[in-house]
Amino acid sequence: MLGLIGLGAVGVATGAGIQRWFDDNLGPIAAKDSTGLASLLPLGNFRLYTVTGEFPSVANAKYRLRVEGLIEAPTVLTLADLEAMPATDLTRDFQCVTGWRVADVEWRGVLLRDLLDLVGVSPTAKAVRFTSFDGEYTESLTLEQARRDDVLVAYRLQGAPIGADHGGPVRLYVAPMYGYKSCKWLDTIELTDRVMVGYWERRGYDPDAWVGRSNGRTDSAT
């Protein structure tokens, strides 16, 4: 079991088989191991993951999102600040690298590119790094990827505030990429001069996680 939980080393190609093994053997039971993947729980059609062994939470009123790095105006935003910005609604499938998929998921949030425009991106910035307030998880996108019109700093899911189990109160949602790019429990957005590989990329996952790249689906990167 511990060998199977090291998903990063196995990669995308065998993800669906691993997911079937979990579904057949673990069902709704949370699994925890010392290597990083800490919990997998079926919840409706979603499976919930955490690499720390718990689902961290912060009260909505105390939530803060830091935007820093290679920008003109380092900024700290509250949840109310984000909700006051022009909102974007997206209805897209959510595809996990391990093979499961939830169709027509409704998201609401702020386009990441609008946040970047708000703080003023330095000409030397080439990428965006995201960190989670779980203290462990990180992800990155190129600046071009981050400016797409289907990349959200999301605060609502399926018509309701995003709960702690789904990575709330605020999380990243990268619609055209596998779920591991959509950093949960979003704490910091940092503009950097290069892509800084994230938690799962350091364990063998592809930094360019376009859905369909290796699982036979037809989704494109455009």
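Modeller: Arg148 has a relative accessibility of 17% and counts as buried, because the cut-off for buried is under 20%. This is a predicted model, and the values here are computed from it. The side chain of Arg148 forms a salt bridge with that of Asp150, at 2.9 Å from N to O. Asp150 is buried as well, with a relative accessible area of 8%.

Within it, the side chains of Lys181 and Glu139 meet at 2.8 Å, N to O. This pair links distant parts of the chain, 42 residues apart: Lys181 lies in the loop between β11 (171–174) and β12 (186–192), while Glu139 belongs to strand β8 (residues 138–142). Lys181 counts as buried, at 1% relative accessibility, and Glu139 is likewise buried at 1%.

The pair Asp93 and Arg101 is another salt bridge, with an N to O distance of 2.2 Å between the side chains. Asp93 has 23% relative accessibility and is therefore partly exposed, since buried requires under 20% and exposed over 50%. Arg101, at 40%, is also partly exposed.

For the model as a whole, the count comes to nine salt bridges. Among them are Asp150 with Arg148, Lys181 with Glu139 and Asp93 with Arg101.

Definitions and conventions: Residues numbered from 1 in each chain as written. Predicted model: local features only at pLDDT ≥ 70, side-chain atom pairs only at ≥ 80, totals over all residues. Heavy atoms only, no water. Salt bridge = Lys/Arg side-chain N within 4 Å of Asp/Glu carboxyl O. Buried < 20%, exposed > 50% of the residue type's maximum accessible area, 1.4 Å probe, protein only. Helix = DSSP H or I, 4+ residues; strand = E, 2+ residues; numbered from the N terminus.
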